[in-house]
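Reader: I would like to learn how to read a model of this kind, one feature at a time. Where do we begin?

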Amino acid sequence: MSLKKNIAISDSGFVFDPLSGNSFTTNPIGLLILQGLRAGKSEKEIAEQLFDTYDAEPSRVTKDLSDFMMVLERLKLTE
């Protein structure tokens, strides 16, 4: 799964979809996920980066990543 190319992401976590006009704000973890997707990383690579960056249980990181990815799909921000 990848992030649509036209999605704008600021360094502060502001996300804008110019096709729908919708905008969102995400926390630093969400921003890390979005930046990973933008860089072409796989979900596994993003999960590993989350493990390295945050002190959290792997099962929790995997579930939170999966949940976030489902939200991105629902908002039609991925392709």
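This is a predicted model: local features need pLDDT of at least 70, side-chain atom pairs count only at pLDDT 80 or more; totals for chains, interfaces and linings use all residues.

Reader: Which elements does the protein chain have, and how do they run from the N terminus on?

Author: An element count comes before the order. The protein chain has 3 helices and 3 strands. From the N terminus on, the order is β-β-β-α-α-α.

Reader: What percentage of the residues count as buried?

Author: Burial is read from relative accessible area, with a cut-off of under 20%. Of the 79 residues in the protein chain, 28% count as buried.

Reader: Which residues have the most contacts inside the largest nonpolar core?

Author: A core is read as a set of buried nonpolar residues joined through their side chains. The largest one here has 15 residues, and I33, L37 and I46 have the most contacts inside it. The elements giving two or more residues to this core are α1 (28–38), α2 (43–53) and α3 (58–74). Leaving out residues up to four places away in sequence, I33 touches I46, L50, L65, F68 and M69.

Reader: Is I7 buried or exposed?

Author: I7 is buried, because its relative accessible area is 2%. Its place is in the segment before β1. Apart from neighbours within four places in sequence, I7 is in contact with V15, F16, D17, R38 and L77. I7 and L34 are 27 residues apart along the chain, and their C-alpha atoms are separated by 10.0 Å.

Reader: Where is G13 found?

Author: G13 is found in the loop between β1 (8–9) and β2 (14–16). Setting aside neighbours within four places in sequence, G13 is in contact with F24, T25, T26 and L31.

Reader: Is A39 buried or exposed?

Author: A39 is exposed, because its relative accessible area is 59%, where the cut-off for exposed is over 50%. A39 is found in the loop between α1 and α2. Between the C-alpha atoms of A39 and S2 the separation is 8.9 Å, although these residues are 37 apart along the chain.

Reader: Which residues does T78 touch, not counting those up to four places away in sequence?

Author: T78 touches M1, S2, L3, K4, L72 and E73 on that count. T78 lies in the segment after α3 and counts as buried because its relative accessibility is 14%.

Reader: What percentage of contacts between residues at least 6 apart in sequence join residues at least 24 apart?

Author: In the protein chain, 45% of those contacts do.

Reader: How many positive and negative side chains are there?

Author: Counts and placement are read together. The protein chain has 9 positive and 12 negative side chains, and the centres of the two sets lie 7 Å apart.

Methods: Residues are numbered from 1 along each chain as its sequence is written. Side-chain values use heavy atoms; hydrogens and water are left out. A nonpolar core is a set of buried Ala, Val, Leu, Ile, Met, Phe, Trp, Tyr and Cys residues joined through side-chain atoms within 4.5 Å. Buried means under 20% relative accessible area, exposed over 50%, partly exposed in between (1.4 Å probe, protein chains only). Helices (H or I, at least four residues) and strands (E, at least two) are DSSP runs, numbered from the N terminus. Contact means heavy atoms within 4.5 Å. Lys and Arg count as positive and Asp and Glu as negative; His and the chain ends are not counted. The place of a charge is taken as NZ of Lys, CZ of Arg, CG of Asp or CD of Glu.
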